[in-house]
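Please read what follows with the structure open beside the text, beginning at the ligand and then turning to the backbone.

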Amino acid sequence: MPRPRSFKQELVGVFGHPVAENPTQAMIEPAFADLGLDWRYLTVEVRPEGLGDAVRGARAMGWRGFNCTIPHKVRVIEFLDELTPAAEAIGAVNCVVNRDGHLLGDNTDGKGFVRSVAEVRPIAGASAFLIGAGGAARAIAVELALAGARGLTIANRSVDRAEALARHVTDRTGVPARAVPLVATARPDAGTDLLINATSVGLYPDVDADLGVDLAALGPDAVVCDVIPNPPRTRLIRAAEARGLAALDGLGMLVNQGAIGLKLWTGLDPRPAVMRRALEAIFDDGH
Ligand code: NDP
């Protein structure tokens, strides 16, 4: 007798608005296939006024979890049962796990970033110059501090947001953080171990936009990181490579945050190379 076949797939996905350009499905589904899992990752347009219904729907349908992207990362918290300490400290959720109907909100953005950096240098004791004070910067700042960074300088166009983030990091973690305005004179000092662009400057289609940050003062062991996944080789990454510095592109962070989320949902470790290849096939053709 043939084994009875199941036609029921396990469901996860992403809720966002607008969401059509979110490439997560294209990297997660190949990872499911590679692991031999009959799971689906759906890209779902959810308007802000429909978020509560969408979360209740996911719960009712037994979704195993979901990602949240713009504009839902903060608002979704009110519909969840529990937050991880990191999501609580960051104040935003990008990954929800359904444990038998109990919805746990986590934030894998900063953890994905930290994992990418840890592949090339230790974070404990590192001094970071972080550009940006939005959602990505907030997740990165908190996770760097929790991972043992020695100190943070946060540079942002709106300096009041940098000041608020610096205060938040120090209050939450005890790690010293200071704010500076993002102006041409905002130079990382020679002791900087990590320089990170966590703004949207350089994102497609405005790929030639210049952050205006001078890399000349960085020492030879400094690592330059960009969160921009599209295009992966941003102007900042190219400038760092031209100086012979180690450079980490935004695909690494995107893959690692996805791999951490996939493990939370399935209990399995995907192969990051499978996920990265899927994204490269999309982004490396110029978009
Ligand atoms: P937010 O809107 O929350 O923050 C945007 C940040 O960019 C702010 O610090 C803002 O400064 C700054 N900024 C925007 N335009 C300019 C400009 N012209 N000059 C100087 N600074 C500018 O966005 P997110 O933090 O959510 O996302 C930021 C980037 O991170 C996006 O490009 C996104 O694609 C990327 N990202 C990548 C991830 C990955 O896995 N690789 C994961 C998450 C995000 P101000 O406060 O002054 O407005």
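In this predicted model, an oxygen atom of the ligand lies 3.3 Å from a polar backbone atom of L254. Side chains take part as well: an N or O atom in the side chain of R161 is 2.7 Å from a ligand oxygen atom, and for the side chain of R157 the corresponding distance to an oxygen atom of the ligand is 2.9 Å. On its own the ligand has 920 Å² of accessible area, of which the protein covers 75%.

The elements that contribute two or more residues to the shell around the ligand are α5 (135-146) and α8 (250-266), and the largest share, 3 residues, comes from α8. Altogether 22 residues surround the ligand, the closest being A136, N156, S158, R161 and V227. Sorted by class, this shell consists of 11 nonpolar, 8 polar and 3 charged residues.

The peptide bond from H17 to P18 is cis, with omega near 0 degrees, and P18 belongs to the loop between β1 (10-16) and α1 (24-35). I70 and P71 are likewise joined by a cis peptide bond, here with omega about 5 degrees, and P71 sits in the loop between β3 (65-68) and β4 (82-83).

A further loop, between β5 (95-99) and β6 (102-106), holds D100, a residue that is not a glycine and yet has a positive phi of about 55 degrees. Is D100 buried or exposed? Its relative accessibility is 84%, so D100 counts as exposed, the cut-off for that class being over 50%.

Note on methods: Residues are numbered from 1 along each chain as its sequence is written. This is a predicted model: local features need pLDDT of at least 70, side-chain atom pairs count only at pLDDT 80 or more; totals for chains, interfaces and linings use all residues. Side-chain values use heavy atoms; hydrogens and water are left out. A residue is near a molecule or strand if one of its heavy atoms lies within 4 Å of it. A polar contact is a pair of N or O atoms within 3.5 Å; within protein, one must be able to donate a hydrogen and the other to accept it, and residues adjacent in sequence count only if both atoms are side-chain atoms. Accessible areas come from the Shrake-Rupley method with a 1.4 Å probe; for residues, only the protein chains shown count as cover. Helices (H or I, at least four residues) and strands (E, at least two) are DSSP runs, numbered from the N terminus. Ala, Val, Leu, Ile, Met, Phe, Trp, Tyr, Cys and Pro count as nonpolar, Asp, Glu, Lys and Arg as charged, and the others, Gly among them, as polar. Buried means under 20% relative accessible area, exposed over 50%, partly exposed in between (1.4 Å probe, protein chains only).
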